Amino acid sequence: MSLNGKYALGILLTFVLLAAVMLYVFPLIYFITEVREFNATNFFYTRFALWVVLGLIFLYSLFIEKNTFLLWKDKKYSTLFYVRAVIALYLICAFGGSFLNLVIQLLTREGMSDKLVQFSSVFKNNYPLIIFICFTAGAVEEFLMRGYIQPRLEKIYRSPYVGIIGSAALFGILHSTYGTIGQVVIPFFIGTVFALFYKKYSNIKILIICHSMYDFVSMMIMNFIDIKHLSAF
């Protein structure tokens with residue numbers, strides 16, 4: 001198999017494994033633990049499963065592709081650049097996401113994702129779990145979507161636009177398991193912003209920090225407000 005073929009298989013494997021975790025990890029955990037209850041412990045296991053996926057794809061890149069996991073070497077920047085970049089990315093994603101959500105609300109009148117409401121009841125005031133969830137989402141999703149998939153799509157199709165749009169589209173599709181249009185459109189927007197940044201600046205750490213911070217702020221708002229009547233997400 002050619003290297004591009006291995007890249008394509010790796011992208012497919014990444015998407016399939018992440019989709020499987022999103023769709024089937026809870027029944028699997030219920031079966032293993034014999035505790036058929038949606039609680040903080042079982043939710044923690046679901047996030048741990050995402051790290052397992054990251055580990056498997058890392059091994060795939062190492063032993064099957066025989067290549068580095070990150071095709072684009074991380075560039076070094078000053079501390080001030082990190083601060084400015086994280087703040088700028090966060091504001092773009094926060095205001096852009098809020099605007100898109102408002103438009104979607106006006107057009108569809110869709111309510112809050114039932115899955116998000118269920119999740120919020122589990123991490124309510126559980127700050128260690130909130131931190132773990134946010135860091136897991138930031139690290140795993142950025143390493144896989146931007147660090148792994150984006151440059152490989154660009155290599156396969158010889159187009160940076162395919163890498164940017166393709167990785168953002170997969171990011172949005174994976175969030176469709178939350179069951180609302182907003183949970184597809186907004187992640188696609190954020191994924192596009194992050195992919196553009198990664199293409200220009202090639203620094204995955206900034207994206208991990210910003211992604212984790214974005215999720216942390218959102219979850220803390222959900223922690224203190226009755227999200228059943230909240231349409232800001």
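In this predicted model, 40 residues line the largest pocket, and H175, Q183, Y214, D215 and S218 lie nearest its centre. The space inside comes to about 880 Å³.

The second largest pocket draws on α1 and α2, the elements that give two or more residues to its lining. Helix α1 provides the largest share, 7 residues. Among the lining residues are A20, Y24, V25 and L28, along with Y45, F48, A49 and V52.

| Pocket | Volume | Lining by class |
|---|---|---|
| Largest pocket | about 880 Å³ | 30 nonpolar, 7 polar and 3 charged residues |
| Second largest pocket | about 200 Å³ | 10 nonpolar, 1 polar and no charged residues |

Now the packing. The largest nonpolar core has 40 residues. Within it, F43, F123, L144 and M145 touch the most other members. Helices α1, α2, α4, α5, α6 and α8 give two or more residues to this core. The largest share, 10 residues, comes from α5.

Which residues does L144 touch, not counting those up to four places away in sequence? They are T14, L18, V53, L54, I57, F69 and I149.

Conventions:
Residues numbered from 1 in each chain as written. Predicted model: local features only at pLDDT ≥ 70, side-chain atom pairs only at ≥ 80, totals over all residues. Heavy atoms only, no water. 1 Å grid on protein atoms, 1.4 Å probe; cavity = no way out; pocket = protein on both sides within 12 Å on 5 of 7 lines; lining within 4 Å. Points joined across faces, edges and corners; volume = space filled by probe spheres on them. Nonpolar A, V, L, I, M, F, W, Y, C, P; charged D, E, K, R; others polar. Helix = DSSP H or I, 4+ residues; strand = E, 2+ residues; numbered from the N terminus. Core = buried A, V, L, I, M, F, W, Y, C linked by side-chain atoms within 4.5 Å. Buried < 20%, exposed > 50% of the residue type's maximum accessible area, 1.4 Å probe, protein only. Contact = heavy atoms within 4.5 Å.
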